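User: Please take a close look at a single part of this model. One connected description is enough.

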Amino acid sequence: MNIAVCVKPVPDPKHYDQITIDPETKLLKRQGMSMVINPVDKNAIEAALQLKERFGGKVVLVSMAPPDARETLIEGLAMGADEACLLSDRAFVGSDTLATARVLAAGLKKIGELDLVLTGSESADSGTSHIPSQLGELIGFPHLNCLTELNLEVSILKMKTKIENGYVEYEGSLPMVLGVAREINTPRYTSLMGVVAAQYKPFTSWGLSDLGLDPASVGLAGSPTQPGDLHMPKHGRKSEMLEGETGDIAGKIIAILRSAGVLA
Amino acid sequence: MHQQLGAVWVLAEQTGGRLAEVSLELLGKARELASHGGGSLISAVLMGSGTVFLAEELIACGADKVFLVDDPRLELYQNDTYALVLEALIKKHRPEIVLCGATYRGSELSATVAARLETGLAAHCVDLYINDRGEFVQVVPAFGGMVLGDILCPKARPQMASVKPGMFQKPERDTARTGEVIKETAAVLNDYKSPLKAVRTVQSQPPELPLEKAETVVAGGWGVGADAWPLLDRIAGELAGAVGCTRPALDEGWARGEHTLIGTSGKTVRPRVYIGFGVSGSTHHIVGMKDSGVIININIDPSAPIFQVSDYGVVADAKKFLPVLLEKIREHKGK
């Protein structure tokens, strides 16, 4: 069973509180933020590895990212993926979700003979959750997003997807594109052996011409949505600190609750 | 004077004959956009089986037209069948803007249809407006809501946007409003055999007051701990409110379930009063509660970011403060 897992290197979500906007350039200031594999994409790698352990085959990581993303992808190889394929080209810069899906779809088609494509349900940085569906459309596979369970029984995929206050059970068949939710499993840790082995696993880089893509269909030029200004959310709260004995402060809170009309 | 905006569509999401609140919230926002866009028409798209009776509610909440696709093949939502029908409707009527709820289904369906139409889709918008150049500006969160970015869709049509539930106010129902119900067909499904099968839907409505409807939200974070957690329920009980939580509290298993999670990957709440205990204020959480009426927070760390989004703050150990506040509220109510 050949499985591709689409992963995205993102700035480590632990540090998003430190992101600011440079008042001069209007660009994001995120110096020193380490890059990691988008957390829920690791759940997708785990799901792929579990299927490989049962049914054999190989797991290929596919990522559209800058050239220095190799270091981040190595982490996925250290978990146990067999090879990695980095789709990298200056022409891809500024891609929105549709343009990104076009690049990933081209990479997946070039790899070929895939039974299943897995990815995380959404990325920590932009968080659109569009990729699983858009990728499915572009490569012509049926797709589902936010999977919390995935089983393969005699060529039938049995799946559960999240909905508000519940879930839906689906049946489908290979090939599919599936976006997994964090509930689906717990990603394994990497072992030292895994990290060492990862350095020697096949690592391919493909650019625009390798993928046979039209430059007008990718990057900012190929993106129907165009980014405008960035801004920080305004909160505008008065931040009045209540001080005194605990009992007195509780009394003040009661007065606030009463004036807001939630306590008689 | 800029040109009149074309039609604004709202995807009316329904499950088992119940409209999602977010669809009504979007109708309110659509009316606002239309009034800034020179009075364009608002249409709701209602897909399902036996759901014609919902058209009235959509009109009362702001739809001028309801495109109704009533077909037994649409009884259970599936992204492939719904996308085929919605894509065909959009190609036939060519709306300028299509708004969808960023629910699990709405997110999936909008992404699917946008890919088929090769058009732009802005996800989880926190604001939508027409700027003074007449452009439709879609404001999206990034990095868990720490940063907001404006998105434009200059060429491709329709301009699509998804919006999380609770971002916009639900409009007042106006039963005197009139509108037109236009019947459309799902003929596009006639020769289609789905590779997917939705076997069953399991929904559990939590017994307590849903978080997004509560007038008082009592939120707990890491600083509360397992032992003091039940005190949140008691305070919420005294105030007829509901308990919400942060991601760390959910992961620790203190909170009751994912339906109580407030924030980027959970619910957006805007109660009259939000009172948080031991909540440090990660951007993920703040995004989900910042529009509450009055915000009160109790946290042991004076530099906790949550205080910047609070009207009132108390520097105290939530574990110790909770029993005192509960006692004072009971004392007050006993008077």
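Analyst: B:Leu46 has B:Leu68, in β5(B), as its bridge partner. The two strands concerned are β4 (residues 42–48) and β5 (residues 65–70) of chain B, which pair in the parallel sense over six bridges (pairing needs at least two DSSP bridges between the strands; strands are DSSP runs of E with at least two residues, helices runs of H or I with at least four, numbered from the N terminus). This is a predicted model, in which local features need pLDDT of at least 70 and side-chain atom pairs count only at pLDDT 80 or more, while totals for chains, interfaces and linings use all residues. Residues are numbered from 1 along each chain as its sequence is written, with chains lettered from A and ligands numbered from 1 in the order in which they are written.

Both strands belong to an open sheet of seven strands in chain B, with parallel pairing and the order β7-β11-β6-β1-β4-β5-β12. At the edges stand β7 (121–125) and β12 (180–184) of chain B; each has a single partner strand, so one side of each lacks a neighbour in the sheet. On average, neighbouring strands of this sheet are turned by 25 degrees against each other, direction ignored (axes are lines fitted to C-alpha atoms, for helices over the stretch in contact, and angles run from 0 to 180 degrees between N-to-C directions).

Helix α3 (residues 79–93) of chain B lies across β4, β5, β6 (97–101) and β12 of chain B, at about 150 degrees to β4(B) (contact means C-beta atoms, placed from the backbone, within 7 Å). Helix α4(B) lies across β1 (8–12), β6, β7 and β11 (159–163) of chain B, and runs at about 165 degrees to β11(B).

Helix α4 (residues 104–117) of chain B also meets helix α4 (residues 131–139) of chain A: their axes come within 8 Å and cross at roughly 35 degrees. From α4(A), the contact uses A:Ser133, A:Gln134, A:Glu137 and A:Leu138, and from α4(B), B:Glu108, B:Ala111, B:Thr112, B:Ala115 and B:Arg116. The contact residues divide into three nonpolar, three polar and three charged (Ala, Val, Leu, Ile, Met, Phe, Trp, Tyr, Cys and Pro count as nonpolar, Asp, Glu, Lys and Arg as charged, and the others, Gly among them, as polar).

How values were computed:
Two residues are in contact if their C-beta atoms, placed from the backbone, lie within 7 Å.
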